[in-house]
Amino acid sequence: MLQETTAAPVTGGNNAEALTQMGFMNLMEHMTVVNWIVFLVLVLMSVLSIYWIIYNFIKNIRLKKNSDRVIATFWETPNAQDAIRFMEEQPRSEPFSKVALDAAQAAAHHQRHDASRLAETLSRSEFVDRALRQAVTRESLGLEAGLTVLATVGATAPFVGLLGTVWGIYNALIAIGMSGQADIGAVAGPVGEALIMTAIGLAVAIPAVLGYNFFVRLNRNTNNKLDTFAHDLHDFFATGARVGDAGR
């Protein structure tokens with residue numbers, strides 16, 4: 001009876017010790033070359049994801065702050081030349097001013113060649129419309145900077161982490177088989193360390209997925225505003241007046 005009562009605490013102590021060996025620091029001490037490669041890839045993915053999330057967040061804050069001001073200033077400026085000059089002063093990253101400038105340049109180019117074969121091939125409305133379509137497409141693509149990276153990280157990071165887990169469990173099983181021990185003390189530590197790689201992969205993927213969905217929705221709203229502004233610009237440069245101005 002005495003031997004039975006003393007054997008139980010030893011087993012419990014071994015189990016508790018095994019559970020304490022399932023942390024991140026133990027993983028770092030026992031990682032193989034493959035595990036290090038997987039870990040560094042996840043770190044790189046995380047850095048790229050954080051960078052593009054911060055970049056797009058700042059960009060959308062500036063865009064939301066400036067877009068209404070740019071649009072309002074363009075329509076409220078009585079002189080078209082002053083309005084165009086204001087658009088030229090805007091930063092290169094501001095899409096609404098670039099769309100307006102492309103429309104103005106297209107209208108001016110068509111007017112300069114009004115008597116040439118250009119006027120016979122395309123009307124003023126068609127020429128401005130084509131320039132606006134190209135400008136909106138270009139600026140819409142510019143809004144998507146970094147979204148491909150976020151989508152790729154969100155889709156692949158869990159599988160990269162799972163690869164590290166599978167490789168870690170594989171090495172753990174080999175070590176257990178060679179040692180001949182299959183109790184909780186021999187299994188829990190290596191398997192728990194391997195599962196941390198999956199957790200890291202999920203921790204990298206979740207912010208990327210959330211950021212991607214968030215910025216896609218913001219870009220959709222911005223693209224709708226760009227389309228509306230482009231239609232108004234087309235009416236203005238094709239007819240000389242914005243739709244709705246005649247009754248004012």
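Start by selecting Phe 229 in this predicted model: at 2% relative accessibility, the residue counts as buried, because the cut-off for buried is under 20%. Phe 229 sits in helix H9, which covers residues 184-239.

Show both rings: Phe 96 and Phe 229 form a tilted aromatic pair, with 6.0 Å from centre to centre and 55° between the planes.

Now widen the selection to Phe 74, Trp 75 and Phe 236. Together with Phe 96 and Phe 229, these residues make up one aromatic cluster.

How many aromatic pairs does a search of the whole structure find? The search finds eleven. Another of them is the pair of Trp 52 and Tyr 55, so select these two next; their arrangement is edge-to-face, because planes over 60 degrees apart count as such. The angle between the planes is 85°, and the ring centres are 5.2 Å apart.

Is Trp 52 buried or exposed? Trp 52 is buried, with a relative accessible area of 18%. Tyr 55, at 35% relative accessibility, counts as partly exposed, because that class lies between the 20% and 50% cut-offs.

Conventions: Residues numbered from 1 in each chain as written. Predicted model: local features only at pLDDT ≥ 70, side-chain atom pairs only at ≥ 80, totals over all residues. Heavy atoms only, no water. Phe/Tyr/Trp six-rings, centres within 6.5 Å; stacked < 30°, edge-to-face > 60°. Buried < 20%, exposed > 50% of the residue type's maximum accessible area, 1.4 Å probe, protein only. Helix = DSSP H or I, 4+ residues; strand = E, 2+ residues; numbered from the N terminus.
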